[in-house]
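Visitor: I would like to learn how to read a protein model, one feature at a time. Could you take me through this one slowly?

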Amino acid sequence: MTSPSHAILPGRGGMFGTLSDALWRNPRLLLFVMLAPPLLWLGVIYLGSLFALLAQSFFSIDEFSGLIRYEWTLKTYAELLRPSNLDIIARTVIMAVSVTLASAVIAFPIAYFAARYARGKWKALFYLGAMLPLWSSYLVKIYAWKLILAKEGILNWIFAKLHLTALLEAWLALPVIGGNSLSVSYTGTFLVFVYVWLPYMILPTQAALERVPESMLEASSDLGASPAQTFRHVLLPLALPGIIAGSIFTFSLTLGDYIIPQIIGSSRLFIGQAVYAHQGTAGNIPLAAAFTVVPIVIMGFYLWMAKRQGAFDAL
Amino acid sequence: MRSDRNARAPLGLKIAAAGGLAFLHLPILLIFVYAFTTEEKSYQWPPPGLTAKWLAVTWNRPDVWEALGLSVRVAAISTVVAMVLGTLCAAAVSRTRFFGRETISLLVILPIALPGIITGIALRSAFNIADIPFSFWTIVLGHATFCVVVVYNNAVARFRRTSSSLIEASMDLGADGFQTFRHVVLPNIGTALLAGGMLAFALSFDEVIVTTFTAGQQATLPIWMLEELVRPRQRPVTNVVAMVVVLVTFLPILAAYYLTRDGDRVAGAGK
């Protein structure tokens with residue numbers, strides 16, 4: 001019999017050898033070494049800045065000097081609740097909700113076809129068909145819509161060719177959603193938002209639909225359900241976590257965007273634009289910070305709801 | 001979902017799916033036509049004529065080259081930082097169970113889950129508080145922060161499929177930790193890292209919202225584009241730049257797709 005000490009190999013020696021042995025013997029040390037750099041980076045730079053910003057929302061701005069008064073106060077939040085600011089918040093939330101619903105409706109057939117019927121080459125095509133627009137340049141996509149919605153652009157040209165210009169004008173004459181032209185109306189803003197965030201809805205919806213067993217759909221129709229009933233009672237509930245996962249993106253991205261409504265839309269502000277205006281020319285960092293709290297709170301609530309619906313498993 | 005060879009898609013579904021895809025792709029194709037239009041002053045459709053002269057004009061514009069160079073440098077450095085941080089984080093999260101593991105995933109995703117304007121304004125006010133002047137490095141700092149998540153996602157997915165017994169086997173056979181990393185771990189996660197890196201590059205190359213807050217006087221290519229969008233000066237040049245940006249971002253995305261496509265077949269995946 002050998003003594004127990006022989007069972008343990010001698011150390012490797014050398015700087016790297018010793019280090020390697022130490023890390024293998026102490027998994028906690030290894031874990032610490034691996035986690036320290038990313039946590040320091042994200043914790044210090046990202047969370048640090050985030051908390052610094054949130055803290056500033058509890059300061060206020062001196063109305064006479066325009067300087068920030070470093071005293072804890074809720075005055076800035078009172079300012080946030082003025083009717084004009086509440087308008088901005090309501091407008092943004094309504095836009096985010098409509099964009100999310102529209103994306104869900106447009107994304108579903110694409111995702112369903114890709115998940116259920118596309119095979120082989122078509123499957124790859126559909127996947128890339130959602131991936132390429134997702135990753136292609138955000139500004140280029142907005143620019144493309146500026147070209148499309150311009151007065152002399154392709155959309156007006158198509159309407160003119162189809163002799164439907166009157167229809168377009170009737171639409172633009174509607175209150176709220178209309179305007180002088182498409183590129184300065186809420187309809188234009190809405191179209192661009194849907195276009196830009198749609199791929200974020202397709203991919204999670206497709207992932208959820210891939211997991212729906214075909215046998216369930218067959219069982220449903222064997223039991224006498226019409227396609228509409230199968231959709232309503234089987235497919236939709238099973239796809240819902242995926243749709244909610246996608247809606248996290250469409251909702252959050254619309255809430256915080258300030259570039260799309262600035263380039264295509266009326267001059268009435270969205271939350272993102274209000275934040276941008278207050279921190280920039282106005283120099284009112286406390287109010288800008290208070291404005292950023294709105295999407296954070298809405299998204300926190302939204303994520304909590306999504307988690308209860310099991311949406312995170314579909315991401 | 002199992003394949004059902006007899007199933008045919010209903011016509012309505014086919015039309016809706018094709019229409020959706022057309023809606024996604026036609027606007028981008030439109031950019032390609034506009035890059036060759038002879039019309040300078042408006043966005044007239046159909047283009048009155050086609051010309052390639054704007055390619056040459058754009059080629060000779062120093063401000064475009066400067067913006068492009070800055071964007072590439074920022075994206076390259078942010079990608080390297082994000083790859084190191086993202087891989088470390090993914091390795092830690094997928095190898096071990098520890099207290100607060102879920103929180104770490106949340107922390108990594110947060111910079112991209114919260115609207116970009118929040119990340120941007122938070123960083124800007126932090127730089128102001130700390131008296132850090134805006135520079136190349138402040139842009140990198142912002143970009144690396146939200147690029148970590150794409151590398152992390154790719155690496156975590158691959159680590160999950162790679163068997164940990166491979167590492168144990170390597171250690172049992174006498175390799176030290178660094179050799180195991182170099183010869184066993186790295187070849188297995190290599191393509192996932194490369195794909196994550198390419199996506200991080202594309203993300204950083206294209207980012208504008210955070211950049212407007214963390215850049216001082218420098219203009220990255222997206223900032224240059226944004227200026228042109230708000231106050232158009234020379235529309236044809238913008239058209240050409242937009243086309244080039246589309247082409248440049250497509251390549252890494254396609255490459256990333258082909259690299260991760262075969263990810264199911266990594267060694268030891270069946271364990």
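**Reading the model step by step**

Guide: Let us begin with chain B, which has 11 helices and 0 strands, where helices (H or I, at least four residues) and strands (E, at least two) are DSSP runs, numbered from the N terminus. This is a predicted model, in which local features need pLDDT of at least 70 and side-chain atom pairs count only at pLDDT 80 or more, while totals for chains, interfaces and linings use all residues. Residues are numbered from 1 along each chain as its sequence is written, chains are lettered from A and ligands numbered from 1 in the order in which they are written, and side-chain values use heavy atoms, with hydrogens and water left out.

Visitor: What box do the C-alpha atoms of chain B fill, and what percentage of its residues count as buried?

Guide: Taken along the principal axes, the box is roughly 70 × 65 × 30 Å. A residue is called buried under 20% relative accessible area, exposed over 50%, and partly exposed in between (1.4 Å probe, protein chains only); by this rule, 52% of the 271 residues of chain B are buried.

Visitor: Which residues of helix α10 of chain B are buried?

Guide: This helix, residues 221–230, is mostly covered, with 8 of its 10 residues buried. Those in α10(B) are Leu221(B), Pro222(B), Ile223(B), Trp224(B), Met225(B), Leu226(B), Glu228(B) and Leu229(B). The buried residues of α10(B) pack against parts of both chains, namely α7 (138–149) and α13 (259–263) of chain A together with α3 (62–95), α8 (177–206), α9 (209–214) and α11 (235–261) of chain B.

Visitor: How many residues does each chain bring to the contact between chain A and chain B?

Guide: A contact means heavy atoms within 4.5 Å, and here 81 residues come from chain A and 88 residues from chain B. Buried area is the accessible area (1.4 Å probe) that two parts lose on being put together, summed over both; for chain A and chain B this is about 8100 Å², 80% of it on carbon and sulfur atoms. Of the area that chain A buries against chain B, Tyr46(A), Trp135(A) and Tyr143(A) supply 10%, more than any other three residues. The largest share of the side of chain A that touches chain B, 16 residues, comes from helix α3 (residues 27–56) of chain A.

Visitor: Into which residue kinds does that side of chain A divide?

Guide: In this scheme Ala, Val, Leu, Ile, Met, Phe, Trp, Tyr, Cys and Pro count as nonpolar, Asp, Glu, Lys and Arg as charged, and the others, Gly among them, as polar. The side of chain A that touches chain B then has 58 nonpolar, 14 polar and 9 charged residues.

Visitor: How should I read salt bridges, and how many are there over all chains?

Guide: Side chains of opposite charge can pair when their charged atoms come close. The rule used here asks for a side-chain nitrogen of Lys or Arg within 4 Å of a carboxyl oxygen of Asp or Glu. A search of the whole structure finds 4 salt bridges over all chains, while the count between chain A and chain B is 0.

Visitor: Where in the chain are the partners Lys123(A) and Glu210(A)?

Guide: Their closest N and O atoms are 3.0 Å apart in a salt bridge, and the pair links distant parts of the chain, with Lys123(A) in helix α6 (residues 121–135) and Glu210(A) in helix α10 (residues 186–210) of chain A, 87 residues apart. Lys123(A) is partly exposed because its relative accessibility is 23%, and Glu210(A) is partly exposed at 24%. In chain B, Glu228(B) and Arg233(B) form a salt bridge (2.9 Å, N to O), in which Glu228(B) is buried at 2% relative accessibility, whereas Arg233(B) is exposed at 61%.

Visitor: What phi does His163(A) have?

Guide: Most residues other than glycine have a negative phi. His163(A), although not a glycine, has a positive phi of about 60°, and His163(A) lies in the loop between α8 (154–161) and α9 (165–173) of chain A. With a relative accessible area of 72%, His163(A) is exposed.
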